[in-house]
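Hi,

Here's the structure I promised to pass on.

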Amino acid sequence: MELTMQLTIDCADPRLMVAFWSGALGYEPELPPGGQPTWRAYWQDMGVPEEELPEGAGESPESIVDPQGRWPRVWFQQVPEAKAGKNRVHLDLKVGGGRDVPLEVRTRRIDEKVGLLTAAGATVSRVLDEPEGFYAVVLQDPEGNEFCVA
């Protein structure tokens, strides 16, 4: 049996999340298969009942893919309820290079990525600057989902 995996993130606005996370991860919006004009048209051709397709669903890409095919597809599933509480799963964007890289270099790399992400709509929650040389920044994406840059 073949196994594939995608990461699914519940959200209110898939378009907003596709735009933010495409840039954050270096991914691309996933185009609908088979030359379909939209994902909605693709789903309708597959026989998905109209009552299962919320208004506007699939009119623009709701998923992103790694252009090099190394990492999993990410689907932003529109849900009616707002985010409540702390994430139980979060992403760590590792840009620092690890502990073999001097702290000053890691800090600069992390801060550069954080600057790009905040310009794209993320907010900084806290900076983890530990005396033993650990440095990371906890952020929230435009819908409040926590993630780290380390």
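Which element gives the largest share of the lining of the largest pocket? That would be β1, with 5 residues.

Before the rest, some housekeeping. This is a predicted model, so to speak of local features we need pLDDT of at least 70, and side-chain atom pairs count only at pLDDT 80 or more, while totals for chains, interfaces and linings use all residues. Residues are numbered from 1 along each chain as its sequence is written, and side-chain values use heavy atoms, with hydrogens and water left out.

**Pockets**

Pockets come from a 1 Å grid over the protein atoms alone: a pocket is an open set of points where a 1.4 Å probe fits, with protein on both sides within 12 Å along at least five of seven lines, and lining residues have an atom within 4 Å of a point. Grid points are joined across faces, edges and corners, and a volume is the space filled by probe spheres set on the points. Helices (H or I, at least four residues) and strands (E, at least two) are DSSP runs, numbered from the N terminus.

The largest pocket has a volume of about 520 Å³. Its lining has 23 residues, with Ile9, Asp10, Lys83, Asn87 and Asn145 nearest the centre. β1 (6-11) and β8 (146-149) each supply at least two of the lining residues. By class, that lining splits into 11 nonpolar, 5 polar and 7 charged residues (Ala, Val, Leu, Ile, Met, Phe, Trp, Tyr, Cys and Pro count as nonpolar, Asp, Glu, Lys and Arg as charged, and the others, Gly among them, as polar).

The second largest pocket comes in at about 340 Å³. Leu25, Tyr27, Trp71, Asp92 and Leu93 lie nearest its centre, out of 17 lining residues. Here β5 gives the most, with 3 residues, and the classes are 11 nonpolar, 1 polar and 5 charged.

**Core and rings**

Buried means under 20% relative accessible area, with a 1.4 Å probe and protein chains only.

Rings of Phe, Tyr and Trp (its six-membered ring) pair if their centres lie within 6.5 Å; planes under 30 degrees apart are stacked, over 60 edge-to-face, and the rest tilted. The whole structure has 5 aromatic pairs. One of them is Phe20 with Trp21, edge-to-face at 5.2 Å centre to centre and 90° between the planes. Phe20 is buried at 3% relative accessible area, and Trp21 is buried at 3%. Ring pairs also link Phe20, Trp21 and Phe147 into a cluster.

Trp39 and Trp43 form a tilted pair, 6.0 Å centre to centre with 45° between the planes. Both sit in helix α2 (residues 39-46), 4 residues apart, about one turn of the helix. Trp39 counts as buried at 8%, as does Trp43 at 17%.

Gly58, in the loop between α2 and β3 (63-65), touches both of those tryptophans plus Thr38 and Arg40 (contact means heavy atoms within 4.5 Å), not counting residues up to four places away in sequence. Gly58 is buried too, at 1% relative accessibility.

Cheers

Conventions: Buried means under 20% relative accessible area, exposed over 50%, partly exposed in between (1.4 Å probe, protein chains only).
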